[in-house]
Amino acid sequence: MLSNTLATGIFWFWNATPTPAGIRRQLRDISDAGFNCVYIHPMPDSFHPWNFFVGMKCSYLGKKYFELLAVALEECKKLGLTMMLYDEGGWPSGGVLDRLIARYPECRGKFLVRDEHGNVSAIDADFPDLLSCRSTERFIELTHELYYRHFGREFGKTIKGIFTDEPFFSMVNDADRVFYSPQMDELAKKMFNCSFEKDLLPLLWKGTGNLPGAAAARRKYMEIASKLFADNYIAVLGKWCKKHRIALAGHVNHEDEYFINADCGDLPEIFSGMEIPGVDAIWRQIYPGNSPGYYARFASGAAIANGRERALCECFNVYGYGLIPREMDWVANALVMQGINHLLVMPYIYSDTGKHKICCSTDFSPRNPVWMAMKELNRRWQFAADFDLSKMESCVHVLARNEFSIPDNLWGDRSLRNQANKEMETLLNTLDRHGVNWRFTSIAEMQKNPARPEVLIVTSALDEWEQQIIDQAVSAGMTVVDSWCELLENFACVAVKTPDSGCLVRTAVRPEGEALMIFNPALESVKFAFDSPEKWGEITADPAIPALFPLEHKQNSYRLTIPAGVLRIFIKNRPALPEESWQARPLELSWELAKVERLCMSADKPTCWKCENADPALWQNGLWKATDFSGIITLTAEVELPEAETRAIRFEQICHAGILSINGKYCGTQVAAPWTFKAELQPGRNRLELKIASSAGNEWRRCVRDELEPRKWVNCYLPRIRSYTLTDTDTGIVSKQN
């Protein structure tokens with residue numbers, strides 16, 4: 001079974017030149033917060049200066065840089081942290097901050113262009129041709145080999161992987177330019193028995209998208225380019241990593257828009273060469289009330305198909321400072337349901353002095369009150385994500401096929417493409433609500449892999465060459481359907497009796513055995529029921545949930561309540577949890593405001609914390625009403641009891657994370673529903689202390705308004721972040737506690 005040392009990680013942005021003392025201090029903070037690995041992400045001063053303003057001053061991949069990395073490596077060893085490398089100075093990966101094509105101009109990518117007379121010629125791109133293994137080998141020479149030269153003794157030990165991030169690859173049809181690699185001619189003949197120049201190129205130019213045969217030609221072009229990229233970039237990197245005892249991890253770009261644009265190519269094919277394939281969630285694509293992130297199954301499906309244990313997701317970058325712990329927990333639970341078991345928080349920015357604080361308008365570090373909840377979040381995520389994808393093959397596959405391959409205008413009228421995406425999500429949601437385990441596949445995978453699924457779901461009309469491959473599988477016994485049907489119910493892991501509850505259901509393979517995972521993505525509690533001849537016993541990271549909402553079991557029938565955003569996990573043939581007697585009688589508590597710690601941001605100075613005199617007049621109805629407040633408040637209460645008792649102290653909601661101590665002893669941290677602490681109370685007087693953290697959103701919005709915008713210190717992420725609904729403005733407790 002897999003090690004859990006890669007369950008949760010954090011992207012550590014070196015957006016300024018670190019000092020040895022700063023490196024050690026921040027790594028201790030990361031370790032203390034419960035992370036078990038750190039991705040060191042250099043952001044040199046030359047990286048996107050128009051957007052990030054300033055960055056790391058020491059030379060990227062220079063002597064000083066490797067000296068600082070050595071400090072980080074030694075501290076990671078001391079703390080027991082896994083260290084993961086990053087293969088670029090920012091992103092996209094593959095260019096070594098433009099050094100590759102400067103040193104090796106023959107590695108430049110090429111575009112084909114045509115003039116008004118239809119004459120075609122080639123022009124240079126300003127990025128490398130990653131469809132060529134020669135470019136990848138040069139990239140390895142300039143980056144990976146340097147890391148190995150300095151730290152090879154720790155490869156496979158403290159250093160366990162390297163991340164490639166959104167490398168230079170896109171199927172966007174940009175104006176009258178078509179990206180071209182000389183190998184396309186040979187591959188077009190080999191894969192489709194056609195001529196690239198005569199059969200495909202004339203239908204790739206902008207404005208030809210509606211011509212007869214254009215969709216098929218563009219899909220063939222996408223398959224050719226995807227195979228070249230998979231073979232000559234991903235597979236070459238993967239082979240090098242395997243030889244040097246580390247894992248290749250990473251993601252491409254726009255995975256979330258696959259069924260809208262498919263400009264990221266054939267994802268199952270591309271991900272097949274990655275040890276830890278991944279996606280990112282950086283725009284609140286996965287968020288309460290939104291989609292639960294079905295596109296993450298491209299990563300987990302590829303891991304399953306290729307016998308990999310893990311799939312990853314970069315999380316929370318550009319979600320904004322207004323993100324709160326219960327939303328973070330919801331996102332993590334949604335990703336776990338899609339098979340993601342390596343959750344990466346990003347970013348922890350090294351510095352927020354002056355313009356450094358702009359970065360991605362997000363920072364998960366002790367500068368953010370949310371950091372107070374991070375250890376508990378990590379504990380929950382590491383528990384939920386402890387499953388092995390390599391043992392989770394499914395009988396039902398969904399063909400990952402975009403109906404509108406490489407549209408003429410990627411950002412033009414997207415109504416038909418958005419509708420197709422919506423229909424696909426509706427299908428996938430139906431599968432999950434009925435407990436059908438499934439994964440994505442592709443035509444390329446089906447062609448080279450003789451193992452067929454029992455059922456393949458194909459939602460759009462196939463081209464002739466695709467149909468031939470499917471027909472071969474059908475003749476071997478596979479069934480093809482085009483939508484949800486009764487046949488698929490035969491593949492449900494349990495008989496879900498309440499599919500309208502909206503809960504998502506799937507199985508997993510955990511150290512404890514075969515697991516049943518049920519997630520409630522709704523914003524309120526729901527009733528859920530299923531039938532199963534198996535005996536299911538719950539395991540949990542939060543004992544309050546089964547204590548307050550026990551699983552009811554009679555013969556083959558199961559009933560339970562699942563609070564909003566909660567993921568419940570059951571193990572086959574496991575004894576039921578013993579019933580816990582938590583007193584339900586109200587515990588009369590009168591909370592008093594004892595301490596206020598305010599987060600203070602500044603355009604010129606580092607973020608800091610300031611203690612303020614507590615003003616009880618601001619303590620109204622359980623909420624702290626200070627203007628623009630971000631920080632931590634401390635509440636105290638006393639209760640006197642004649643004898644020792646165990647009580648459940650329950651709140652309607654804590655805004656936005658709470659740590660309870662009783663008589664100076666830590667009692668627990670709550671970050672999400674049901675907002676309940678198990679309190680061990682002693683005879684006589686008991687003193688309770690509740691520390692409540694807000695987000696950094698109020699102070700960030702004030703700083704932007706009053707200090708950053710007047711200086712024009714803003715980046716392209718700000719308009720998007722401003723469009724988000726505010727959920728973080730209050731601090732305190734909601735409603736009366738019991």
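User: Let's start in strand 8: which residue there is the bridge partner of isoleucine 162?

Analyst: That's leucine 248. Keep in mind that we're looking at a predicted model.

User: How do you know that strand 6 and strand 8 really count as a pair?

Analyst: Two strands count as paired once at least two bridges are found between them. Strand 6 (residues 159–165) and strand 8 (residues 247–251) are joined by 5 bridges, so they pass. They run parallel. Helix 9 (residues 214–243) lies across both strands, at about 150 degrees to strand 8.

User: What do these two strands belong to?

Analyst: A closed barrel of 8 strands, in the order 1-2-3-6-8-9-10-11, with parallel pairing. On average, neighbouring strands in this sheet are turned by 25 degrees against each other, ignoring direction.

User: In which sense do strand 4 and strand 5 pair, parallel or antiparallel?

Analyst: Antiparallel, and over 6 bridges.

User: What makes helix 11 "mostly covered"?

Analyst: Count its residues: 8 of the 9 in helix 11 (residues 297–305) are buried. Among them are Arg297, Phe298, Ala299 and Ile304.

User: Why is helix 13 called largely enclosed?

Analyst: Again, check the count. Of the 11 residues in helix 13 (residues 374–384), 8 are buried, so the rest of the structure largely encloses this helix. The buried ones include Met374, Leu377, Arg380 and Trp381. They pack against several elements, including strand 1 (8–14), helix 12 (325–337) and strand 11 (342–349).

User: Why is aspartate 329 called buried?

Analyst: The cut-off for buried is under 20% relative accessible area. Aspartate 329 comes in at 5%, so it counts as buried. This residue sits in helix 12. Leaving out residues up to four places away in sequence, aspartate 329 touches Leu377, Arg380, Trp381 and Ala672.

User: And proline 499, is that residue buried or exposed?

Analyst: Its relative accessible area is 18%, and the limit is under 20%, so proline 499 is buried. You'll find proline 499 in the loop between strand 16 (495–496) and strand 17. Apart from neighbours within four places in sequence, proline 499 is in contact with Arg433 and His434. The C-alpha atoms of proline 499 and phenylalanine 528 are separated by 8.3 Å, while the two residues are 29 apart along the chain.

User: How many residues does the largest nonpolar core have, and which have the most contacts inside it?

Analyst: The core has 167 residues, and the ones with the most contacts inside it are Trp12, Trp14, Ile30, Tyr65, Tyr147, Phe196 and Phe316. Helix 9 gives the most to this core, with 14 residues. Apart from this core lies another one, of 28 residues, among them Leu593, Trp675, Leu681 and Ile733.

User: What does tryptophan 14 touch?

Analyst: Not counting residues up to four places away, tryptophan 14 has partners including Ile23, Met56, Tyr65, Leu68 and Tyr350.

User: What makes a space a cavity rather than a pocket?

Analyst: In a cavity, a 1.4 Å probe fits but cannot get out, whereas a pocket is open. The structure holds 4 cavities of 30 Å³ or more. About 200 Å³ of space lies in the largest cavity. Of the 16 residues lining the largest cavity, those closest to its centre are Asn333, Arg380, Ala541, Ile545 and Leu567. Helix 12 and helix 13 are among the elements that give two or more residues to this lining.

User: How much space lies in the largest pocket?

Analyst: About 1200 Å³. Its lining has 47 residues, and Pro92, Glu166, Ser170, Asn253 and His254 are the closest to its centre. Elements giving two or more residues to the lining include strand 5 (120–128) and helix 9.

Conventions:
Residues numbered from 1 in each chain as written. Predicted model: local features only at pLDDT ≥ 70, side-chain atom pairs only at ≥ 80, totals over all residues. Heavy atoms only, no water. Buried < 20%, exposed > 50% of the residue type's maximum accessible area, 1.4 Å probe, protein only. Helix = DSSP H or I, 4+ residues; strand = E, 2+ residues; numbered from the N terminus. Contact = heavy atoms within 4.5 Å. Axes fitted to C-alpha atoms, helices over the stretch in contact; angles between N-to-C directions. Core = buried A, V, L, I, M, F, W, Y, C linked by side-chain atoms within 4.5 Å. 1 Å grid on protein atoms, 1.4 Å probe; cavity = no way out; pocket = protein on both sides within 12 Å on 5 of 7 lines; lining within 4 Å. Points joined across faces, edges and corners; volume = space filled by probe spheres on them.
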